[in-house]
Amino acid sequence: MRKSKVFVIQYQSRFSYGAAETFGDVRFMLTEKDEIRVNPAPNLLNEEIIAKMEECLIHEEYSPGHDYILLSGSPIAFIMVGMLLPDFGEVHQILKFDNRDFVYKVSTLMWDFTKPNSKSFMEKLHEHRKDT
């Protein structure tokens, strides 16, 4: 079995990600300079950000339940990744730094796929863009 990977949502230069390396090889989905907007007009910038995160997960061969998603960066980016994750699988391991204990803690995020949902998040997003 391959070593786990840690997918950091957004790099922040003021943080050290060394402690995350105990969970696996660190990969950064977004840079510090990637701009995420609330209610952008037009919405194309956020679509590019979502596509960049999705491409990282695909290119780096994200394996749900084996690899980790590390919460770092914009809370809006957290939501965007959360919308992408069901397209990759049901069970995901989330890393969050605990400021009290100064360690990363793992949480498990699960989706119930017994509910019918034939389209991926990206397909729904593109359909929405066509309608607006």
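A: Two strands count as paired if DSSP finds at least two bridges between them. The model is a predicted one. On that basis, five strands form an open sheet in the order E2-E1-E3-E4-E5. The pairing is mixed. Strands E2 (25–30) and E5 (103–110) are the edges. Each has a single partner strand, so one side of each lacks a neighbour in the sheet. Neighbouring strands are turned against each other by 30° on average, direction ignored.

Now the E1 and E2 pair. Strand E1 covers residues 5–10. Strands E1 and E2 run in the parallel sense and share five bridges. Within this pairing, Val8 has Phe28 of E2 as its bridge partner. Helix H2, residues 75–84, packs on the sheet. Helix H2 touches E1, E2 and strand E3 (68–70). The direction of H2 makes about 130° with that of E1.

Next, the chain around the sheet. The chain holds three helices and five strands. From the N terminus, its elements run β-β-α-β-α-β-β-α. Among contacts with a separation of 6 or more, 56% join residues 24 or more positions apart. The chain has 132 residues, and 36% of them are buried. Its accessible surface comes to about 8,200 Å². Carbon and sulfur atoms account for 54% of that surface.

Technical notes. Residues are numbered from 1 along each chain as its sequence is written. This is a predicted model: local features need pLDDT of at least 70, side-chain atom pairs count only at pLDDT 80 or more; totals for chains, interfaces and linings use all residues. Side-chain values use heavy atoms; hydrogens and water are left out. Helices (H or I, at least four residues) and strands (E, at least two) are DSSP runs, numbered from the N terminus. Axes are lines fitted to C-alpha atoms, for helices over the stretch in contact, and angles run from 0 to 180 degrees between N-to-C directions. Contact means heavy atoms within 4.5 Å. Buried means under 20% relative accessible area, exposed over 50%, partly exposed in between (1.4 Å probe, protein chains only). Accessible areas come from the Shrake-Rupley method with a 1.4 Å probe; for residues, only the protein chains shown count as cover.
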